[in-house]
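This report is a guided reading for someone meeting this structure for the first time.

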Amino acid sequence: MQKSVRYNEGHALYLSVVARKEGSKRGYLSKKTTENSRWTEKYFALYQNVLFYFENDQSARPSGIYLLEGCTCERAPAPKVSAISKEPVEKQQHYFLVIFGHEGQKPLELRSEDESDCNEWVECIQQASYSDIMIEREILMQKYIHLVQILETEKIAANQLRTQLEDQDTEIERLKAEIVLLNKAKERMLPFQSNQEEEDPDIKKIKKVQSFMRGWLCRRKWKIIVQDYICSPHAESMRKRNQIVFNMVESETEYVHQLSILVNCFLRPLRMAASSKKPPISHDDVSSIFLNSETIMFLHEIFHQGLKARIANWPTLVLADLFDILLPMLNIYQEFVRNHQYSLQVLANCKQNRDFDKLLKQYESNAGCEGRMLETFLTYPMFQIPRYIITLHELLAHTPHEHVERKSLEFAKSKLEELSKMMHDEVSDTENIRKNLAIERMIVEGCDILLDTSQTFVRQGSLIQLPSSSERGMLSKVRLGSLSLRKEGERQCFLFTKHFLICTRTSGGKLHLLKQGGTLSLIECTLIEELDASDEDYNAAGQGFSHLEFKIVVEPPDGQSFSVVLLAPSRQEKAAWTSDISQCIDNIRCNGLMTSVFEENSKVSVPHMIKSDARLHKDDVDICFSKTLNSCKVPQIRYASVERLLERLTDLRFLSIDFLNTFLHTYRIFTTATVVIDKLADIYKKPFTSIPVRSLELFFATNQGSWGSDPLNNKSPRLCRKFSSPPPISIPSRTSSPVHCRKLSLSSPVGVKVGALDLSTTPPLSAANSPTSSHTVLESVSLDKFIPESPSSTEPGDLSPCRSPSTPRHLRYRQSGVTAGESSRCTMSPASAFAIATAAAGHSSSQGFSNSEKTCDKEFIIRRAATNRVLNVLRHWVSKHSQDFDLNSELKTGVISLLEEVLRDPDLLPQERKAATNILSAISQDEPDDTQLRIEDILQMAESPKVECFESLSAMEMAEQITLLDHIVFRSIPYEEFLGQGWMKVDKTERTPYIMKTSQHFNDMSNLVASQIMAHSDVGSRAGSIEKWLAVADICRCLNNYNGVLEITSALNRSAIYRLKKTWAKVCKQTKALMDRLQKIVSSEGRFKNLRETLKNCNPPCVPYLGMYLTDLAFIEEGTPNFTEDGLVNFSKMRMISHIIREIRQFQQAPYRIEHQSKVTQFLLDKTVVMDEDTLYELSLKIEPRVPPG
């Protein structure tokens, strides 16, 4: 391998001799050495582009050679005196540098004693570098390329001109032929023209008038045509189309701005931080958090520039080609969405590092972020594809079918819909993760369970934790009031699908988990809604606390059991909390039961058999599923017929809280309450004919019986082996007190897995026995990992099927009639019976039971499961949606009659009987909650005379009473008024009376503020009034009453007040700054983005601005239809509507603890001082007249 560069030394020596004799520049110069930085005098000779230097002018061989081509030479400043080695100071030196164009070569430092000699050297070296020649070469090259382009253009133009000439020659020949024909026709017309020239002058005038009239009529006709087109639907559609395009450009501008903040304020600074000596975050974590973010920003910057270019060509708006360019590149969103949940998890893990958390807070405090967190910016791209789909849907709605862009836009919309199938329902999951992470950040100690993506948020609120029985003693109501006032027992509670968190709140707003019982696993909990007199925690429940308390018994497998007693602020709050907790416990235990039966080692939250059964979530002609999974890890319904939705509501396999809430919130859109209650009644009365076969296949997967399901043995040999019949054993039974059972829960708890199902039988009875006598009685089942309990002695006939987690370990089957003390009907808990029946159905061995006994057992299990499901739905309906029954007496009567029929069932289990009784008592209770004011009370207050004036009332009193009145009006709105955009219809007063009352109350309060300010004739008084109202608005903000904030700020922004420059000049700067901050919070910019962020971080009680939610609902209603073209219900739309209604109801259900003051409410509701808009403006002109111009 060659290690060095070879050159012709002889030729180099020859060139050095020529340079020394004929060089363009020769002389002595001082050269700075690289070894010791000393200056040595050398003899230099320049020849063409080669610089030689010698020891002296007599040297035959050069000491060195420099190639100067491509270098630069320039004068250099003289170094400091200290840097010059021992030379006299008075001797002036002139320095210059030769800088070479390639890396690795140090510059050559030279100096000369004469300035003119230095300048000549610089000029000669500069010429020898051929820089001017290279520049000229580049210029000539560019000119050459330009000329080549011109030549090509001219060739194309010449070809075009040649083609045009040929076409024109053909046209000339055609015109010549026409001229010949015209001349011949003219010769034939000459006799007639001679006669026309002799026409009468009057006839000429008439013809002239006729010509004028024809022109006028023609112009008038075209004017009418233009006016008709301007007023036509087509022109209106084009105007709306243009407006949609303008809005799309604005939203794209905002989106690009958000992406630039994400990249410039977070991504790039974090990359730099990762490259530091002590990085707070690694490059891998940065890449995981910001996957494809920078690429997405560059993509949308290009798309945004294209949109702005199209707007510049208005009114010609062609967009299809932009989407054609954009579509192939949008696949990067798939990776972003796929990585989104993982990126949030990585971010949460990185925040545990204090240095990173501090650095991230510093980035988030940037003014450009506007108080938004990094998680917020990472979520914005999740909504972009659905936004494009909605925009294209609106564009197509206003694009005629013959439009040139119609097909291209339809193609773009179809491609975007295909891309969004995977992303369509990710938004709700991401919102849930954001909610969990926000709660996790509020907890000082942190909470790892909230990092689980399957953990779904259900509800939150304030409850009072009562002391245990040993600490509480006889706690009086007065003592309870003191606890509430001092917040000693107040707890901030969060309910998730798997856990229940109990926290205390500090003055700074941070949360602390309780040391004991702060995190409760619902699988270990038992809910007791009504405390019995024999309970040790019972303390005069009906007298002291008005039955507002409920109890959660926690029995951990590796610790001592304990209980938590919580007190709700109202009956409605208690019903909502207990219903949600009970539903979560039911789902977890049903999932655990089915998991333990079908999959011994399964770790999933829903049974493996349900997840692996493709028929459960397979698209059909009457149902369509999305590709993403809900909190139960099964696909969400996207479209479905009404029959399939009712079938899913009563499906015996599982019940999703999300589906149940969505269905009960929105069923009025696609069906009626009568249809729903009739379906529930059919399921209860005729479960074998009403329940479809596919719902029963999970229970009995054999070819025996009358349901005709396929043999499961052919599909899952593993399942058949598991259900093989074990050897019979006989173990005495034990029972426990029924006090531990959950009062309104319909499923008994189960362990995490089943070790064995031990079944034993006695010899069969005679064939003469009746079918009812063949019912079996559950006496012993061996279940592993059940929480132990001290046995209590009971009579043999007192076996209670109403079981808690303390259900005895050993029960066994035996036929009725063996013991005289046992009942003739089957008495078992639904969960235990389900486990036994499913296990028995898994094997085809005849050992243990006859076919008649198995059939009887199946019938009993199906009836119990059907009753369980019906009562579950009714309990949730009555406790969470009681307004349905208050407004629909027919529905209430139907539910009461169904519950009464259930209670008459002789085979009803005690646990089911208790649940049905509680539901019946809840729906039959007509007395309202007297502790809360109603909207009727407000109207009566307004009729009372006013006794107080504005100056005598404090800002705190007015803010509290405004908040109280706003919340009373807000919570009175029934949620069915939010369906169908009734507030935008002609008969809106009849369809949505409470929304109209809320709007009227908002306008009345705003008019009161404006009228009170304008009532002052003095400038100082008006300024003081403005400052006081802004103080009231700031206190409303502290009370989370953002509706009140908007009432006051909108009044101050009215033209009658805003134009009072002298009055505003008297207002202090702090108050003006406060108004700017309040307006920024409630601003409608970006669809109330600041108010939405504030509401996400605030805790109830709260009064949001109702108009924001009405805008969202109108956007959903107009953007997506209720039914597809095939007549299926758009359940994805129902889910979005339900999400908004749940958020509204969350704020409605959390009451304020503010004492009513009648003197303040009388002032606030007094309409005698209120002036209308015209009167206010006239008074404003009198106070400060207009200044004449100039």
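## A residue in the core

Leaving aside neighbours within four places in sequence, which residues is L330 in contact with? Once those neighbours are set aside, L330 is in contact with L299, I385, L416 and L419. The model that shows this is a predicted one, and L330 belongs to its largest nonpolar core, a group of 61 residues in which F266, F290 and L330 have the most contacts. The largest share of this core comes from helix α5, residues 233–274, which supplies 15 residues. Apart from this core lies another, of 43 residues, including F659, L680, L891 and V902.

## The protein as a whole

The protein holds 44 helices and 20 strands, and of its 1190 residues 48% are buried. When contacts between residues at least 6 apart in sequence are considered, 73% of them join residues that are at least 24 apart.

## The seven-stranded sheet

Seven strands make up an open sheet, in which the order is β4-β3-β2-β1-β7-β6-β5 and the pairing is antiparallel. The edges are taken by β4 and β5 (72–76), each of which has a single partner strand, so one side of each is left without a neighbour in the sheet. From one strand to the next, the twist averages 35°.

Within this sheet, strand β1 (residues 25–32) and strand β7 (residues 108–112) run antiparallel and are joined by two bridges, with K31 standing opposite L110 in β7. Helices also lie against the sheet: helix α1, residues 9–22, lies across β1, β2, β3 and β4 and runs at about 95° to β2. Helix α2, residues 115–128, packs on the sheet as well, where it touches β1, β2, β3, β5, β6 (94–99) and β7, and its direction makes about 160° with that of β5.

How many of the residues of strand β3 (residues 50–54) are buried? The count is five of five, so that the strand is mostly covered. The covering applies to both faces, since V50, F52 and F54 on one side and L51 and Y53 on the other are all buried.

## A pair of helices

Helix α34 (residues 993–1014) and helix α35 (residues 1019–1038) have axes that come within 8 Å and cross at roughly 150°. At that angle, α34 and α35 are therefore roughly antiparallel to each other. The residues that meet are V1009, Q1012 and I1013 in α34 and R1022, S1025, I1026 and W1029 in α35.

S131 is found in helix α3, residues 131–196. Is S131 buried or exposed? With a relative accessible area of 18%, S131 is buried, because buried means under 20%. Although S131 and C71 are 60 residues apart along the chain, their C-alpha atoms are separated by 7.7 Å.

T1049 is found in helix α36, residues 1042–1052, and counts as buried at 1% relative accessibility. Not counting residues up to four places away in sequence, T1049 touches L1078, Q1079 and V1082. I968, found in helix α32 (residues 955–971), is likewise buried, with a relative accessible area of 1%. The C-alpha atoms of I968 and Y1152 are separated by 9.4 Å, while the two residues are 184 residues apart along the chain.

Methods. Residues numbered from 1 in each chain as written. Predicted model: local features only at pLDDT ≥ 70, side-chain atom pairs only at ≥ 80, totals over all residues. Heavy atoms only, no water. Buried < 20%, exposed > 50% of the residue type's maximum accessible area, 1.4 Å probe, protein only. Helix = DSSP H or I, 4+ residues; strand = E, 2+ residues; numbered from the N terminus. Axes fitted to C-alpha atoms, helices over the stretch in contact; angles between N-to-C directions. Parallel < 35°, antiparallel > 145°, perpendicular 65-115°, else oblique. Contact = heavy atoms within 4.5 Å. Core = buried A, V, L, I, M, F, W, Y, C linked by side-chain atoms within 4.5 Å. Pairing = 2+ DSSP bridges.
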